Amino acid sequence: MKIDFFETENGFDTRAIQGGVYQVELLMEGKESICLYIGESVWIASRCGKHLYSLFESPEYFGLTADDLCNDELILKFSIVNDIHGKKSELGIGTYKEQELEAIKKYEPLTQLNTSDRQIRDEQKKINIVQEKMIQNGFKESK
């Protein structure tokens, strides 16, 4: 699996070193992308580094398998949905949380509940949902 960590045509997206709402999606050339996760953080790049660590410790974190991590045709892309300017203490409440929830409704991340920023707790359920979507989108063949 390749990692696209806030890459733009001009290099690293510097908005990732501040606060905002971000997206983690799965890509494969010529296929429709799959949104896995939407989050918010005061330090996006740092938070997403923790996501990467969790993913490689346990691929089911984003509904993936060890085989998926070894597939060089897959790209895990991290990108900014909205950058947020404001005090750290305000993140997680008010309009900042609303922006995250709006993005969750818009992008429908597969590993999260539709009504909050919480991930699905049942890892097997997450795997089943993501793997089925990967088959539907042509990322892999059914077994």
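Begin by selecting F5, which is partly exposed because its relative accessible area is 23%; the class lies between buried, under 20%, and exposed, over 50%, calculated with a 1.4 Å probe on protein chains only. Select F6 next: F6 counts as buried, at 2% relative accessibility.

The model is predicted, so local features need pLDDT of at least 70 and side-chain atom pairs count only at pLDDT 80 or more, while totals for chains, interfaces and linings use all residues. Residues are numbered from 1 along each chain as its sequence is written, and side-chain values use heavy atoms, with hydrogens and water left out.

Now display the aromatic rings. The structure contains seven aromatic pairs; rings of Phe, Tyr and Trp (its six-membered ring) pair if their centres lie within 6.5 Å, and planes under 30 degrees apart count as stacked, over 60 as edge-to-face and the rest as tilted. The F5 and F6 rings form an edge-to-face pair, because their planes stand at 75°, with centres 4.9 Å apart.

Switch to the cartoon view for the strands, which are DSSP runs of E, at least two residues, numbered from the N terminus. Two strands pair if DSSP finds at least two bridges between them. Four strands, in the order β1-β6-β4-β5, make up an open sheet of mixed pairing.

Finally, select β4 (residues 20–27) and β6 (residues 75–83), which run antiparallel and are joined by eight bridges. Which residue in β6 is the bridge partner of G20? The partner is D83.
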